[in-house]
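Reader: Could you walk me through this one? I would like to start with how the strands pair and then jump around a bit.

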Amino acid sequence: MVPDPPAGNSTVRGGDRSHGDGNTKTVSCKDVGVDCSFTVKADSESELKKTLENHAREKHNMKEISADMKKKIKSHIKEVASR
Ligand SMILES: [Zn+2]
């Protein structure tokens, strides 16, 4: 009988590779032209955008985040090394 290869060496296959690459991503309302000191920090870009979009909806009464705004957010995302 052939033993199964040890699992655990091949955990990264497809999926969300933007998550947990070691960098924290950050963007603030000010960056996208809103006069507000709110800054988001997250481990992944999708998480970051989600948080900022929720904030914009609740605090700035933006019912919808326009494609233009999303583009702006994306272009202002900064990566900070967490080590
Ligand atoms: Zn804000």
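Author: Keeping in mind that this is a predicted model, strand β1, which covers residues 23-28, runs antiparallel to β2 and is joined to it by 4 bridges.

Reader: Which residue is the bridge partner of Thr 26 in β2?

Author: The partner of Thr 26 in β2 is Lys 41. Along the pairing of these strands, Lys 25 has Ala 42 of β2 as its bridge partner, and Val 27 stands opposite Val 40 in β2.

Reader: And which residues of β2 lie on its covered face, and which on the uncovered one?

Author: In β2, which spans residues 39-42, Val 40 and Ala 42 make up the covered face, whereas Thr 39 and Lys 41 belong to the uncovered one.

Reader: How many residues of β1 are buried?

Author: In β1, 5 of the 6 residues are buried, and the strand is accordingly described as mostly covered. For the protein chain as a whole, 25% of the 83 residues count as buried.

Reader: What is the strand order in the sheet?

Author: The sheet is an open one of 3 strands in the order β2-β1-β3, and the pairing is antiparallel. Its edge strands are β2 and β3, the latter at 78-81, and each of them pairs on one side only. Neighbouring strands of the sheet are turned against each other by 30 degrees on average, with direction ignored.

Reader: How many bridges join β1 to β3?

Author: There are 4 bridges between β1 and β3, and these two strands run antiparallel. One of the contacts places Thr 24 with Val 80, its bridge partner in β3.

Reader: Are Cys 36 and His 55 buried or exposed?

Author: Cys 36 and His 55 are both buried.

Reader: Now the helices: at what angle do the axes of α1 and α2 cross?

Author: The axes of α1 and α2, the latter being residues 67-76, cross at roughly 130 degrees and come within 11 Å of each other. The two helices are therefore oblique to each other, and α1 passes α2 in a right-handed crossing.

Reader: Last one, in what order do the elements run from the N terminus?

Author: From the N terminus on, the elements run β-β-α-α-β, with 2 helices and 3 strands in the protein chain.

Terms used:
Residues are numbered from 1 along each chain as its sequence is written. This is a predicted model: local features need pLDDT of at least 70, side-chain atom pairs count only at pLDDT 80 or more; totals for chains, interfaces and linings use all residues. Side-chain values use heavy atoms; hydrogens and water are left out. Buried means under 20% relative accessible area, exposed over 50%, partly exposed in between (1.4 Å probe, protein chains only). Two strands pair if DSSP finds at least two bridges between them. Axes are lines fitted to C-alpha atoms, for helices over the stretch in contact, and angles run from 0 to 180 degrees between N-to-C directions. Angles under 35 degrees count as roughly parallel, over 145 as roughly antiparallel, 65 to 115 as roughly perpendicular and the rest as oblique. A crossing is left-handed if the near helix is turned anticlockwise from the far one by less than a right angle, and right-handed if clockwise.
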